[in-house]
Amino acid sequence: MRLHNSMLMIGCCITLIACSQTSPILKGQDHWIGTWQSPHSELKIQRDGQLRYHESQYQQQRTAHSQSESTEQSEMTAPITVLNTQYIQAGTPEFGNRFKIDKAPYLLKGHWHAVIDGQDFIKK
């Protein structure tokens with residue numbers, strides 16, 4: 001019984017250590033790891049290489065005879081497959097999403113900023 005418990009404990013420890021390690025794609029790019037927010041979007045890059053993206057857009061239209069409101073939301077979670085100076089690819093090219101890096105992370109007044117797909121993101 002002790003052997004079984006010891007093996008179970010070792011297996012759990014190995015799993016925890018593997019999950020806490022930085023993905024090879026993010027090695028040397030630790031400044032990307034974290035949650036980035038823009039007025040309408042959130043981009044979360046986890047140490048294990050997973051990317052979570054959420055966008056919400058609110059639109060309101062008025063004409064002389066009507067008014068309409070709508071909210072569009074999109075969300076994705078996928079592993080980062082490419083991270084270079086030009087773009088972040090999450091998932092496969094066929095079924096994933098490519099985020100264009102307009103300006104790599106930089107410090108401004110003590111906060112990390114990055115411009116991605118034309119939006120200014122601030123790291124939280």
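In this predicted model, β1 pairs with strand β8 (residues 119-123) in the antiparallel sense over two bridges; strands (E, at least two residues) and helices (H or I, at least four) are DSSP runs numbered from the N terminus, and two strands pair if DSSP finds at least two bridges between them. Trp 36 stands opposite Lys 123 in β8. Eight strands close into a barrel in the order β1-β2-β3-β4-β5-β6-β7-β8, with antiparallel pairing.

Residues are numbered from 1 along each chain as its sequence is written. Local features need pLDDT of at least 70 and side-chain atom pairs pLDDT 80 or more, while totals for chains, interfaces and linings use all residues, and side-chain values use heavy atoms, without hydrogens and water.

Ser 23 lies in the loop between α1 (2-20) and β1 (34-37). Ser 23 is buried, with a relative accessible area of 11%; buried means under 20%, exposed over 50% and partly exposed in between, with a 1.4 Å probe and protein chains only.

The table lists contacts (heavy atoms within 4.5 Å), leaving aside neighbours within four places in sequence.

| Residue | In contact with |
|---|---|
| Ser 23 | Arg 47, Asp 48 and Gly 49 |
| Leu 43 | Gly 34, Thr 35, Trp 36, Leu 51, Arg 52, Tyr 53, Phe 99, Ile 116 and Phe 121 |
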